[in-house]
Amino acid sequence: MTAATLLPARPTTAEHELAALQREHGRPLYALLLRLCDGDRQRAEDLVQETLVRAWQHPEALRADAFDSVRPWLLTVARRLAIDARRARQARPAEVGDTALENAPLCDDHAERAVATLDVREAVKTLTPEHREVLVLVYFQGASVAETAETLGIPPGTVKSRAYYALRALRRVLPGYAPDLG
């Protein structure tokens with residue numbers, strides 16, 4: 001192998017030509033990319049650099065005699081890079097910083113919630129039918145005292161007392177679920 005076969009097949013853009021591109025077209029590229037990146041200066045700067053890298057990789061496009069100016073080619077490349085970057089960001093979940101995780105509300109474990117639900121269902125089965133009816137209507141179905149009284153055909157005071165005694169019975173059967181209510 002000779003040294004001539006090891007050289008790249010296409011010519012590369014000289015550094016001074018790339019610097020001239022930056023001086024001549026850098027501001028319009030940055031202005032376009034800043035709009036396309038919703039004002040994100042860092043992303044716009046990165047995309048300007050990537051556009052110039054593409055120009056460096058494709059010097060034949062910059063020297064084409066068909067163009068009066070290379071600016072349309074550069075702006076097209078920049079616009080496509082911005083579109084690709086936006087699509088890439090939308091394809092993956094948003095990144096969060098450590099502060100967002102520190103301030104995130106704590107969620108109960110789903111397994112613990114499932115076990116608690118089963119415990120409550122079993123405890124409700126131990127109630128008398130009258131207490132169970134009132135508890136289901138008021139607390140599980142969200143009916144008001146008046147609605148429950150009308151549905152069951154009993155006075156509102158009876159609904160209140162049955163709900164009170166039903167909850168009291170549940171607290172005895174389910175120790176530890178509501179220690180502050182005991």
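Mentor: Before we read the fold, take contact to mean heavy atoms within 4.5 Å. In the protein chain, residues 24 or more positions apart account for 59% of the contacts with a separation of 6 or more. This is a predicted model, in which local features need pLDDT of at least 70 and side-chain atom pairs count only at pLDDT 80 or more, whereas totals for chains, interfaces and linings use all residues. Residues are numbered from 1 along each chain as its sequence is written, and side-chain values use heavy atoms, with hydrogens and water left out.

Trainee: How many helices and strands does the secondary structure of the protein chain come to?

Mentor: Helices (H or I, at least four residues) and strands (E, at least two) are DSSP runs, numbered from the N terminus. By that rule the protein chain has 10 helices and 0 strands, and its pattern along the sequence reads α-α-α-α-α-α-α-α-α-α.

Trainee: What percentage of the residues in the protein chain is buried?

Mentor: Buried means under 20% relative accessible area, exposed over 50%, and partly exposed in between (1.4 Å probe, protein chains only). Of the 182 residues in the protein chain, 23% are buried. Accessible areas come from the Shrake-Rupley method with a 1.4 Å probe, and for residues only the protein chains shown count as cover; the protein chain exposes about 13400 Å², of which carbon and sulfur atoms supply 56%.

Trainee: At what angle do the axes of α2 and α5 cross?

Mentor: Two packed helices are described by the angle between their axes and the distance between the axes. Axes are lines fitted to C-alpha atoms, for helices over the stretch in contact, and angles run from 0 to 180 degrees between N-to-C directions. The axes of α2 and α5 come within 10 Å and cross at roughly 35°. A crossing is left-handed if the near helix is turned anticlockwise from the far one by less than a right angle, and right-handed if clockwise; α2 passes α5 in a right-handed crossing. Among the α2 residues that meet α5 are Leu21, His25, Leu29 and Leu33, while the α5 side includes Arg71, Leu74 and Ala78.

Trainee: Is histidine 25 buried or exposed?

Mentor: Histidine 25, which sits in helix α2 (residues 15-36), has a relative accessible area of 2% and is therefore buried. A polar contact is a pair of N or O atoms within 3.5 Å; within protein, one must be able to donate a hydrogen and the other to accept it, and residues adjacent in sequence count only if both atoms are side-chain atoms. The side chain of histidine 25 makes such a contact with the side chain of arginine 71, at 3.0 Å. Not counting residues up to four places away in sequence, histidine 25 touches Ser69, Val70, Arg71 and Leu74.

Trainee: Where is aspartate 38 found?

Mentor: Aspartate 38 is in the loop between α2 and α3, and because its relative accessibility is 62%, aspartate 38 counts as exposed. Its phi is near 55°, a positive value in a residue other than glycine.
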